[in-house]
Amino acid sequence: MNPHKHVPLDFKRMPPAEQLSASREFLGRMASRRSVRFFSSEPFSFELIENAIRCASLAPSGANQQPWTFVVVKDPEIKRKIREAAEAEERESYEHRMPADWLEALAPLGTDWHKEFLETAPYLIVVFRIDFGLTQTAEGEMKTKHYYVQESVGIATGFLLAALHMSGLATLTHTPSPMGFLSSILNRPKNERPFVLIPVGLPAPDATVPAITKKSIAEVMEVR
Ligand code: IYR
């Protein structure tokens, strides 16, 4: 007997026709998601951010350890510091660290070290992964192992991006490299590491995106 408690599953069975229309509608909405690098500073309800983070925090995770923290940055001074530090690292990367084949792979995106979006987007969500548990006990600090941290935080980030898109907001998955500066600027504990930085906002009215395409279903799906 498993001594741990189970409760009845709360699952809503849908009529097949409704399943199909829900599936098609979701696909249709998600098909228009793009990574956006040009944001408007126009404000919007903070509840959109909070609900999306609630949604992300519902993601499955290794041993249900929920190894994530979502730091929302709205303070212009903190955004400025993040931009300054990110641009310094990115400039070094683009000018010295990234090998030619990497720069070549990025060419279609038209990216460079300038990261204006880090100040124009009304919010930056910095996703941190919690690599191990840290609790203070009478005997001092206690560490506990966390399982499948990368996978768990990746899934939660997917939920977050989908939720923000479905709320009519644009996002970018930005990974300035290295991004240790986010831990110090945002004062994170030593068991947390930055995972991804997500600017969130409405796109600038004249925003453009790279003319790239996604693989077809035949290229990505194999049925046996
Ligand atoms: N971090 C850099 C470079 C970059 C890397 C990858 I992989 C991308 O898909 C896009 C950009 C930057 O943000 O410009």
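What follows is a short chat about a predicted model of one protein chain.

Q: What are the ground rules for this model?
A: It is predicted: local features need pLDDT of at least 70, side-chain atom pairs count only at pLDDT 80 or more, and totals for chains, interfaces and linings use all residues. Residues are numbered from 1 along each chain as its sequence is written, and side-chain values use heavy atoms, with hydrogens and water left out.

Q: How many helices and strands does the protein chain have?
A: Eight helices and six strands. Both are DSSP runs, numbered from the N terminus: helices are H or I with at least four residues, strands are E with at least two.

Q: In what order do the elements run?
A: From the N terminus on, α-α-β-α-α-α-β-β-β-α-β-α-β-α.

Q: How much of the chain is buried?
A: Buried residues are 35% of the 224. Buried means under 20% relative accessible area, exposed over 50%, partly exposed in between, with a 1.4 Å probe and protein chains only.

Q: Now helices. At what angle do α2 and α6 pack?
A: About 145°, with the axes 8 Å apart. Helix α2 covers residues 46-56 and α6 covers 149-166. Axes are lines fitted to C-alpha atoms, for helices over the stretch in contact, and angles run from 0 to 180 degrees between N-to-C directions.

Q: Which residues make the contact?
A: From α2, Leu48, Ile49, Ala52, Ile53, Cys55 and Ala56. From α6, Ala156, Phe159, Leu160, Ala163 and Leu164. Contact means heavy atoms within 4.5 Å.

Q: Nonpolar, polar or charged residues there?
A: Eleven nonpolar, no polar and no charged. Ala, Val, Leu, Ile, Met, Phe, Trp, Tyr, Cys and Pro count as nonpolar; Asp, Glu, Lys and Arg as charged; the others, Gly among them, as polar.

Q: New topic. How many aromatic pairs?
A: Three. Rings of Phe, Tyr and Trp (its six-membered ring) pair if their centres lie within 6.5 Å; planes under 30 degrees apart are stacked, over 60 edge-to-face, the rest tilted.

Q: What kind of pair do phenylalanine 44 and tyrosine 123 form?
A: Edge-to-face, because the planes are at 65°, with the ring centres 5.3 Å apart. Phenylalanine 44 is in the loop between α1 and α2 and tyrosine 123 in strand β2, so the pair ties together parts 79 residues apart in sequence. Both residues are buried. Phe44, Phe46 and Tyr123 form one aromatic cluster.

Q: And tryptophan 68 with phenylalanine 70?
A: That pair is tilted: 6.5 Å centre to centre, 40° between the planes. Tryptophan 68 counts as buried at 8% relative accessibility, and phenylalanine 70 at 14%.

Q: Which ring does the charged end of arginine 188 sit over?
A: The ring of phenylalanine 128, 5.6 Å from its centre. The test is CZ of Arg or NZ of Lys within 6 Å of the ring centre and within 35 degrees of the ring normal. Lysine 143 likewise has its charged end over the ring of phenylalanine 132, at 4.7 Å.

Q: What does serine 183 touch?
A: Leaving aside neighbours within four places in sequence, Phe128, Arg188, Glu192 and Pro194. Serine 183 is in helix α7 and counts as buried at 17% relative accessibility.

Q: Where is the cis peptide bond?
A: Between serine 177 and proline 178, with omega about -5°. Proline 178 lies in the loop between β5 and α7.

Q: What is phi at asparagine 64?
A: Positive, about 50°, although the residue is not a glycine. Most residues other than glycine have a negative phi. Asparagine 64 is exposed, with a relative accessible area of 52%.
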